[in-house]
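Colleague: I am new to this one. Please show me the structure, and then I will ask how you know what you say about it.

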Amino acid sequence: MATRSRPLSPHLQVYRPMYTMALSMTHRLTGLGLTLGLVLLCAWLAALAAGPSTYGKLRSVVVSPLGFLVIAAYVVAFWYHLCAGLRHLRHDLGHGLERASARRSGLVVVVAALALSGLTLAALWHLGGRP
Amino acid sequence: MSLKSPLGRVLGLGTGRGATHHFWVQRVSAVALVPLGIWLLVSLAALPDLAYGTARAWAGEFGHAIALVLVIATAAYHSLLGVQVIVEDYVPQPGRKVVVLVASTFVHVAAAAAGLLAVIKMALGSAA
């Protein structure tokens, strides 16, 4: 192994905070949140496969107000990560990287993510409301 | 002047040679997850309730089982790649980095194994 320390790229604190940077950080944070969501989804499926008694215990948590809050956070993280991910894919293809364009697409991502989350949560409301 | 051989001086200083592949598979899995993720969310949101019978019938349907297997496998892979990028960016100590990356791999594989086995069990169980 090399003993001399390797050169590092400039880190977050040397940059002036920017709106587009916040978008990128949110993309990473929601990605981490979705990792947790994947674990929860697999746990839900495992409980479902285990049988009614195990599933019943988990379901009482899922339909509780706290459970609905977790689901709501999961839904918002999902739509944000999906919309922002599509924006990043477009950037990877070399489009929309100019400052004005990047800012505009960022706003589109935020509005679309919130709108889709609102629609999904409205559709999911009855799952939380009815025990 | 060091007595270290030229080879010894450069070992460990190069690239890992996997970056392009990492970049590519992260994007391919992302593209795959767009329809798969939307299917999962819409399909779950369309359930009338989350009672055991309802959820079990939903998961036991063969088409749903195929889609669930694809979602879990693709999402676990995509998530593993994404967490790796974040860890490599924010955990500079080599030892700790390896520990966190291995732990992340274990968690991802364990979650995927549990989820996939559950789906397969329900898919085969409903046929009997």
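**Reading the two chains**

Modeller: Chain A holds 4 helices and 0 strands. This is a predicted model, where local features need pLDDT of at least 70, side-chain atom pairs count only at pLDDT 80 or more, and totals for chains, interfaces and linings use all residues. Residues are numbered from 1 along each chain as its sequence is written, while chains are lettered from A and ligands numbered from 1 in the order in which they are written.

Colleague: How do you know how far to trust chain B?

Modeller: Look at pLDDT, the predictor's confidence in each residue, from 0 to 100. The mean for chain B is 91, and 97% of its residues reach 70 or more. Where pLDDT is low, the predicted coordinates should not be read in detail. The model as a whole scores ipTM 0.87 and pTM 0.88.

Colleague: Why is A:Gly106 called buried?

Modeller: A residue is buried if 20 or more other C-beta atoms lie within 10 Å of its own, exposed if 12 or fewer, and partly exposed in between, with C-beta atoms placed from the backbone. A:Gly106 has 20 such neighbours, so it counts as buried. This glycine is found in helix α4 of chain A. Its C-alpha atom is 9.4 Å from that of A:Cys83, 23 residues away along the chain.

Colleague: Is B:His22 buried or partly exposed, and why?

Modeller: Partly exposed, because B:His22 has 14 C-beta neighbours inside 10 Å. B:His22 lies in helix α2 of chain B. From B:His22 to B:Gly63 is 30 Å, C-alpha to C-alpha, across 41 residues of sequence.

Colleague: What makes B:Met122 a buried residue?

Modeller: B:Met122 has 23 C-beta neighbours inside 10 Å, so it counts as buried. Its place is in helix α5 of chain B.

Colleague: Which residues is B:Met122 in contact with?

Modeller: Contact means that the C-beta atoms of two residues, placed from the backbone, lie within 7 Å. Leaving aside neighbours within four places in sequence, the partners of B:Met122 include A:Leu48 and A:Ala49, and also B:Arg56. B:Arg56 is 66 residues away in sequence, yet 7.4 Å away in space, C-alpha to C-alpha.

Colleague: How many residues of chain B are in contact with chain A?

Modeller: 30 residues of chain B are in contact with 31 residues of chain A. On the chain B side, α2 (19–45), α3 (52–60), α4 (62–90) and α5 (94–127) each supply at least two residues. α5(B) gives the most, with 9 residues.

Colleague: What makes a set of residues a nonpolar core?

Modeller: Its members are buried Ala, Val, Leu, Ile, Met, Phe, Trp, Tyr and Cys residues joined through C-beta atoms within 7 Å. The largest one has 44 residues, of which A:Cys42, A:Leu45 and A:Leu48 touch the most other members. Helices α1 (19–50), α3 (65–92) and α4 (99–129) of chain A and α2, α3, α4 and α5 of chain B each give two or more residues to this core. The largest share, 11 residues, comes from α1(A).
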